[in-house]
Amino acid sequence: MSEKEVILTQEGLIRLEEELEHLKSVKRREVAERIKVAIGYGDISENSEYEDAKNEQAFVEGRIITLEKMLRNARIINNDEVDTDTVSVGSKVTLKDLEFGDILEYSIVGTAESDPFQNKISNESPVGKAILGKNKGSVVDVTVPAGVIQYEIIDIQK
C-alpha cells in the first residue's frame, strides 16, 4: 500500500524538520527524565506521575513517526512552480465574499501545513477545493454547513 503524498511549501518543510529535531533532541530527553524521576517515587502501579510521563512518551514517539513519514513522502512546492494565472498549492489568493462584500486573503497549502488562524488553508478544505485550478475573476460556490457561499477570486499571487 503506497503512502499518501504530503504537499509542503519550503516554509512548511523547514517547520516540520525543526519540530522533528526538537522532539528527538529535547523532548525525548525531557520525557525520559520525567520517567526516571517518577520511578524514583516508588511503586509505579499507582504512580500518576509515571503514568503521565509514559503517556507523553507515547505521544512524542507517535509524533516522531508521523513527522518522519510525512517528510519521507513530501513533495516540495517551489515558488517557481506557483502560477499567478490559476490557483494552486503555494498561491496567495484574495477572495471577495459576494454576499457580504468581505475581502479574504488565504495561502493555499497542503493539509500538513494548514492553519486557519494564520490564513493558511488546505488544498483539501472546502474553500481550497473550490478555488483550486480557477482563474482570477472566477466565481466559485463553496458548500459549507451553513449553506453555499459564493466567492470571487480577486487576485492570485506567489
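The lining of the largest pocket divides into four nonpolar, eight polar and five charged residues; here Ala, Val, Leu, Ile, Met, Phe, Trp, Tyr, Cys and Pro count as nonpolar, Asp, Glu, Lys and Arg as charged, and the others, Gly among them, as polar. The model is a predicted one, in which local features need pLDDT of at least 70 and side-chain atom pairs count only at pLDDT 80 or more, while totals for chains, interfaces and linings use all residues. Residues are numbered from 1 along each chain as its sequence is written, and side-chain values use heavy atoms, with hydrogens and water left out.

Back to the pocket: 17 residues line it, and Thr9, Glu11, Gly90, Lys92 and Ser107 lie nearest its centre. Strand E4 (103-109) gives the largest share of the lining, three residues. H1 and E4 each supply at least two lining residues. The space in this pocket is about 280 Å³. A pocket is an open set of points on a 1 Å grid over the protein atoms alone, where a 1.4 Å probe fits, with protein on both sides within 12 Å along at least five of seven lines; lining residues have an atom within 4 Å of a point.

Now for helix H2, residues 48-72, whose 25 residues reach 36 Å from first C-alpha to last, close to the 36 Å expected at 1.5 Å a residue. Helices (H or I, at least four residues) and strands (E, at least two) are DSSP runs, numbered from the N terminus. Tyr50, Ala53, Val60, Ile64, Leu67 and Met70 are the buried residues of H2, and they pack against strand E1 (6-9), helix H1 (10-39) and strand E2 (74-77).

Three single residues are worth a look. Buried means under 20% relative accessible area, exposed over 50%, and partly exposed in between (1.4 Å probe, protein chains only).

| Residue | Relative accessible area | Class |
|---|---|---|
| Serine 91 | 0% | buried |
| Glycine 12 | 1% | buried |
| Asparagine 119 | 38% | partly exposed |

Serine 91 sits in the loop between E2 and strand E3 (92-97). Leaving aside neighbours within four places in sequence, serine 91 is in contact (heavy atoms within 4.5 Å) with residues including Tyr106, Ile108 and Ile156. Glycine 12 belongs to helix H1, and its C-alpha is 8.8 Å from that of isoleucine 76, 64 residues apart along the chain. Asparagine 119, in the loop between E4 and strand E5 (120-122), has a positive phi of about 60° although it is not a glycine.

How values were computed
The expected span of a helix is 1.5 Å times one less than its number of residues. Grid points are joined across faces, edges and corners, and a volume is the space filled by probe spheres set on the points.
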